[in-house]
Amino acid sequence: MTSGGQGPYPPPWPPNGGPHPYLPPRAPLWRRLRDGDWPPTRELLRQLGPRRGCLAAPLLCCAWPLFFLVLTYPLARSARIRAHAVFPPDGHQRLQDPQVLRVQQIRAWIALAASLLILSVYGTSEDWNEMQEQFVFRLVLTPWLLLLTAPLVLVLLFRLASAHRRTAMRAGLRTAVRAVLCYFGAFTAVPLLVLAATYLGRDMNAGVLTPLVMPALMLPALWMLFFVAFSSATVVRTAFSTTRVHAALPALLAGLLVWELAGINLAVSGPPPGPPLIQLAALVAGPLSVSAVAWWEIDRLRTRHGVGLRG
């Protein structure tokens with residue numbers, strides 16, 4: 001016996017010999033990554049260990065995938081955490097409508113399936129490559145279109161709102177302006193960091209560690225690139241948190257941006273593949289469906305929450 005009347009062994013857990021609490025099984029790795037629960041690097045490597053079979057095969061065949069994963073995954077995880085701290089994915093949703101979100105998801109999946117079907121039937125290899133380029137092009141262009149379109153919509157809403165409502169809108173406008181400055185500051189920092197790393201690496205004298213200097217200098221630019229990539233999805237969906245200015249503003253911007261993107265894609269890439277009727281349907285159906293869902297969302301905001309365009 002030890003002092004205090006306790007034995008040499010630790011007491012059983014739980015105390016008093018009660019039943020062990022039920023611990024739900026941990027979700028699979030792919031589901032955790034999909035839901036945003038990115039594990040630390042050590043846990044990720046443990047999940048991708050030899051017991052995971054086909055997931056570990058690429059890492060066992062060559063050391064470069066493992067090196068790339070160990071090097072970039074902590075940067076991506078850190079940048080994602082910081083991006084969601086600066087641009088909260090759900091921080092803008094003061095008035096959530098599950099039915100609207102469900103309809104938006106269904107419309108997005110139908111549009112994706114229709115695009116893949118048209119490309120499978122009428123497309124060529126060049127059309128598939130062009131589809132990937134259009135995705136990156138839209139991801140880069142959409143924040144800039146938001147920056148140009150949002151002030152015009154804001155001026156219209158300020159003119160429609162009452163004097164009392166304008167005071168509240170100005171208070172929420174500060175948050176949107178801070179989000180714009182933070183995002184485009186990070187966007188501008190990426191090429192500046194790349195140029196600085198290139199300039200510093202060029203002046204390094206040749207030596208044993210020279211091949212490692214340039215990747216080390218590129219780490220800040222890579223982190224900032226991850227930050228911009230993870231922020232872009234939230235910025236596009238929340239329209240720079242403009243719902244704090246007016247709850248209907250993201251829906252209005254979505255209805256306008258989809259037509260602007262359709263016109264730019266038509267001018268840059270031309271019409272989609274297929275007969276003229278299929279081309280017309282592919283060009284018009286997407287913007288029309290987005291505008292219809294946006295107008296329906298605005299109508300539900302007015303009827304269910306009393307949020308009108310005039311205040």
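Predicted model: local features only at pLDDT ≥ 70, side-chain atom pairs only at ≥ 80, totals over all residues.

Biologist: What makes V136 part of a nonpolar patch on the surface?

Modeller: Patch members need over 30% relative accessible area and no salt bridge, and nonpolar side chains are joined within 5 Å. V136 forms such a patch with F135, L139, V140, W144 and L147. Together they have about 530 Å² of accessible area.

Biologist: Why is N265 called buried?

Modeller: Its relative accessibility is 8%. Buried means under 20%. N265 therefore counts as buried.

Biologist: Where is N265 found, and what does N265 touch beyond four places in sequence?

Modeller: N265 is found in helix α9, residues 249-269. It touches F137, R138 and G270.

Biologist: What makes a set of residues a nonpolar core?

Modeller: The residues must be buried, of nonpolar kinds, and joined through side-chain atoms within 4.5 Å. The largest such core has 34 residues. Y183, F227, F240, L249 and L253 have the most contacts inside it. Elements giving two or more residues to this core are α4 (63-86), α6, α7 (163-202), α8 (210-238) and α9. The most come from α7, with nine residues.

Biologist: Which residues is F240 in contact with, leaving aside neighbours within four places in sequence?

Modeller: Contact means heavy atoms within 4.5 Å. F240 has such contacts with P143, L146, A176, A179, V180, Y183, F184 and V235.

Biologist: Which residues does the second core include?

Modeller: Among its seven residues are A294, I298, L301 and V307. This second core is separate.

Methods:
Residues numbered from 1 in each chain as written. Heavy atoms only, no water. Patch = residues over 30% accessible without salt bridge, like charges linked within 9 Å, V, L, I, M, F, W, Y side chains within 5 Å. Areas by Shrake-Rupley, 256 points an atom, 1.4 Å probe, with all protein chains shown as cover. Salt bridge = Lys/Arg side-chain N within 4 Å of Asp/Glu carboxyl O. Buried < 20%, exposed > 50% of the residue type's maximum accessible area, 1.4 Å probe, protein only.
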